[in-house]
Amino acid sequence: CLTFQLACCCGTAACSLCCKCCPKIKQSTSTRFMYALYFILVTIICCVMMSTTVANEMKTHIPFYEQMCKGIQAGEMCEKLVGYSAVYKVCFGMSCFFFLFFLFTIKINSSKSCRAYIHNGFWLFKLILLAAMCSGAFFIPDQDTFLNAWRYVGATGGFLFIAIQLILLVEFTHKWNKNWTAGANHKQMWNGLLALVTLILYSIAVAALVLMALFYTRSEGCMYNKVLIGVNGGLCLFVSLVAISPCVQNRQPHSGLLQSGVISCYVMYLTFSALSSKPPETILDESNQNITICVPEFSQGLHRDENLVTGLGTTILFGCILYSCLTSTTRASSEALRGIYATPETEVSSC
């Protein structure tokens with residue numbers, strides 16, 4: 001029994017004794033799931049660190065809180081363990097962990113090799129390594145220089161993440177459009193469904209554009225918001241025209257408005273995220289008093305509710321990461337990242 005437990009925690013053996021009710025999955029899928037689970041665990045810890053409500057509750061309900069904070073050298077009220085700086089340090093340790101295994105798995109051609117065996121197992125040791133890296137980031141000397149440099153790294157990584165997600169969305173919608181177009185050869189219902197979904201996507205994108213222009217702009221001021229909404233709306237229109245242009249249709253017969261509709265909705269979401277994250281502008285009114293502009297009046301209460309903002313952002317982040325980890329690591333997706341699409345004759349469909 002002890003050998004079995006060690007195999008479950010440290011090796012690649014499946015814990016079939018405890019998980020008989022779970023469906024059978026491939027080893028690659030279980031590996032991606034475990035890495036995604038590690039990511040979600042660290043992200044939840046970061047959300048707790050960012051939440052002022054949790055910090056206040058800990059101060060109130062944990063006995064000897066000040067003595068404990070001084071004992072672990074985290075400040076008088078554990079101020080080193082909360083706030084954005086603590087989140088940056090934890091995320092730095094997590095990034096080092098995943099980057100280490102990215103380097104470790106380069107040029108692995110077989111799941112039976114020694115490196116693949118380590119990559120697909122030893123989850124207890126990996127959890128200990130992840131915890132050690134996240135904790136070790138708090139002992140980096142010259143914290144101010146580290147945080148300033150890590151901001152630029154985070155911005156670059158965020159840009160690359162958005163670019164990769166856009167490419168994978170196009171690849172996913174390409175398959176979607178291809179399958180429904182093929183079904184239309186047997187039943188015209190698929191053509192109607194394709195048109196309906198495309199109409200719904202564009203309706204959502206146009207409605208989002210109008211609402212953002214209505215609530216985040218005004219006749220005077222808000223120039224940044226106006227430029228952002230106008231440029232992104234124009235780019236969505238440009239992408240839609242490119243998707244149905246003859247040169248694109250000749251190269252990719254399955255391209256259409258469905259792909260551009262999905263991308264338009266995603267771009268509208270990114271635009272809304274940027275507008276809601278932007279600091280509000282203030283101007284003087286007729287009474288020489290500062291008033292806030294360029295934000296919806298009904299959202300000013302929600303803007304101060306950090307728990308709601310954290311919850312919504314975390315939910316969207318989890319959805320993106322799980323989709324990217326569990327469904328986007330396919331051969332077709334890898335080829336899509338390099339701009340390679342299989343022809344209809346050679347493309348192999350999957351479940």
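Start by selecting Asn-177, which is buried, with a relative accessible area of 7%. Here, buried means under 20% relative accessible area, exposed means over 50%, and partly exposed is in between (1.4 Å probe, protein chains only). Before moving on, note that this is a predicted model: local features need pLDDT of at least 70, side-chain atom pairs count only at pLDDT 80 or more, and totals for chains, interfaces and linings use all residues. Residues are numbered from 1 along each chain as its sequence is written, and side-chain values use heavy atoms, with hydrogens and water left out.

**Stop 1: around Asn-177**

Asn-177 sits in helix α8. Helices (H or I, at least four residues) and strands (E, at least two) are DSSP runs, numbered from the N terminus. Now show what surrounds Asn-177: leaving aside neighbours within four places in sequence, its contacts are Leu-194, His-254, Ser-255, Gly-256, Leu-258 and Gln-259. Contact means heavy atoms within 4.5 Å.

**Stop 2: the largest nonpolar core**

Next, select Leu-201, Met-212, Met-268 and Leu-275. Of the 19 residues in the largest nonpolar core, these four touch the most other members: Leu-201, Met-212, Met-268 and Leu-275. A nonpolar core is a set of buried Ala, Val, Leu, Ile, Met, Phe, Trp, Tyr and Cys residues joined through side-chain atoms within 4.5 Å. Which elements give two or more residues to this core? They are α8 (143-183), α9 (189-215), α10 (223-243) and α12 (257-277). The largest share, eight residues, comes from α12.

Zoom in on Leu-275: not counting residues up to four places away in sequence, Leu-275 touches Met-212, Tyr-216, Asn-225, Leu-228 and Ile-229. Apart from this core lies another, of 16 residues, among them Val-42, Ala-86, Phe-97 and Trp-123.

**Stop 3: helix α7**

Trp-123 leads you to α7, where Trp-123, Lys-126, Leu-130 and Cys-134 are buried. Look down the axis of α7: its buried residues fall within an arc of 70°, so they line one face of the helix. The arc is that of the directions from the helix axis to the C-beta atoms.

Then try a distance. At 1.5 Å a residue, the 14 residues of helix α7 (residues 123-136) should span 20 Å, and its end C-alpha atoms are 20 Å apart, which agrees. The expected span is 1.5 Å times one less than the number of residues in the helix.

**Stop 4**

Select His-119, in helix α6 (residues 114-119). Not counting residues up to four places away in sequence, His-119 touches Thr-31, Tyr-35, Phe-101, Thr-105 and Lys-126. Phe-104 is 15 residues from His-119 along the chain, and their C-alpha atoms are separated by 8.2 Å.

Now go to Gly-83, in the loop between α4 (65-71) and α5 (84-104). Is Gly-83 buried, partly exposed or exposed? At 25% relative accessibility, Gly-83 counts as partly exposed. Gly-83 touches Met-49 and Met-50, not counting residues up to four places away in sequence.

**Stop 5: confidence**

Finally, colour the chain by pLDDT, the predictor's confidence in each residue, from 0 to 100. The mean pLDDT of the protein chain is 75, and 73% of its residues reach 70 or more. Select residues 14-19, where pLDDT stays under 50, and then residues 301-306, where pLDDT also stays under 50. Where pLDDT is low, the predicted coordinates should not be read in detail.
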